[in-house]
Each structure stands twice: as structure tokens, then as C-alpha cells.
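Subject: Structure for you to look at

Hi,

Here is the structure I promised. Please open it beside this email and follow along.

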Amino acid sequence: MLLNTPPCELGRQAPDFLLEDTDSKSFKMSDHLSGKGLLLAFICNHCPYVQAICDRFTRDAHALIDDGFEVLAIMPNDYDKVSEDSPSNMKLFATKFGFRFPYLVDRGQKVAAAYGAVCTPDFFGLCASGKLYYRGRLDNIGMNDISSNRVPELFNAMHHIYKTGYGPRVQHPSMGCSIKWS
């Protein structure tokens, strides 16, 4: 089912969490609040919307990392229902796209619920103190659009948050597949 992300309460403290990657290494969100800010990306392997943007997302995420931001990707789906999203397939997906950031498993779906994530992709931009200032889409390019006039909205928003302490006034909702809840 196709969903758009709802607006969220900007400026609220983001909930902390502890999740593991596909190698069972633990990552605590608050440990990644150093630097300029933190991007949380709720994504999965099977969603055609994620697949359509993943090259651009990975490029932007790596550019943010190079600029001093932190990035954590989170897979929120019940992979017992959607085997393509299993940890072994997550590892393959991360390798295929060359992720240089952790890809975490939200097995109990508590993190997705705490953030109010509704679809994949669903992006949250936090300042260095952990307050939420962005929830929106990656860019202005539609799923089948081949426009050369790309505006990297998420990338720009993260820099805006760092420079001003607030998110951009205009934030467009992300669009994608519904999270597959247990």
C-alpha cells in the first residue's frame, strides 16, 4: 500500500534506541549524535520506492558522512512476512549499494513505532543534540522521473539544521510502501 509520511512534531527530542546490525553489533542512537547531526532512514530491501532512490540516497548519505554527519539506516519490516527483508538479504542489499553506514534491524518494530514511521523510505533529520527537525523526502525526483533538475532536499535540510539550528520551513512528505507490521 502506498503511503505518504505525515508531518511530525518538529523540535521534539527524538527517542533513543539500541538496535543491532546484521552481524549482531549493537548501535545506540545517542552514541551517534556527535558531529553535525544524525540522519535516520527507515528503509527496506523489497520496496520499489526504496529501490528507485537507493543510488541517490547512498550518494547523499555518503556526502553527509564526508561532511561530518552521522547516518543510520533502519529496516522496520516484519521479515517473517517479507523474506526479502531478512537480515541476510539486508547484508546483500547494503553490499549492492555500497553502504558506509550501519543498516540496523528493528526486529520488534519498537523504534519505527516510537518515531511514527509509516513507510519505506521515511527520513528523519536530527540536530546534534537529538532534536527532530526534518521529516520528508529524499529529493524532488519522482519514482519514474528522469529529470536532471534534482534538488537534494534531505541533504540540504541536514545542512540547514546544522547551520541554523532548525529545519527548513517547507518539508515535502516522503512516499513509499507501508511498513509491514507484525
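Which residues of strand 2 (residues 18-21) lie on its covered face, and which on its uncovered one? Leu-19 and Asp-21 are on the covered face. Leu-18 and Glu-20 are on the uncovered face. Please keep in mind that this is a predicted model.

Now the neighbours of strand 2. Strand 3 (residues 26-28) pairs with strand 2 in the antiparallel sense, over 3 bridges. Here Leu-18 has Lys-28 as its bridge partner.

In strand 6, Leu-104 stands opposite Asp-21, a residue of the covered face of strand 2.

Next, the whole protein. There are 4 helices and 10 strands. Along the sequence they run β-β-β-β-α-β-α-β-α-β-β-β-α-β. The radius of gyration is 15 Å, close to the 16 Å that the globule rule gives for 182 residues, so the protein is as compact as a globular protein of that length. The C-alpha trace spans about 40 × 40 × 30 Å along its principal axes.

Of the 182 residues, 51% count as buried. Among contacts with a separation of 6 or more, 77% join residues 24 or more positions apart.

Last, the surface and the charges. The protein exposes about 8400 Å², and carbon and sulfur atoms supply 52% of that. Side chains include 19 positive and 20 negative ones. The centres of these two sets lie 4 Å apart.

Best wishes

Conventions. Residues numbered from 1 in each chain as written. Predicted model: local features only at pLDDT ≥ 70, side-chain atom pairs only at ≥ 80, totals over all residues. Heavy atoms only, no water. Buried < 20%, exposed > 50% of the residue type's maximum accessible area, 1.4 Å probe, protein only. Helix = DSSP H or I, 4+ residues; strand = E, 2+ residues; numbered from the N terminus. Pairing = 2+ DSSP bridges. Rg over C-alpha atoms; globule rule 2.2 N^0.38 Å. Contact = heavy atoms within 4.5 Å. Areas by Shrake-Rupley, 256 points an atom, 1.4 Å probe, with all protein chains shown as cover. Lys, Arg positive; Asp, Glu negative; His and termini not counted. Charge placed at Lys NZ, Arg CZ, Asp CG, Glu CD.
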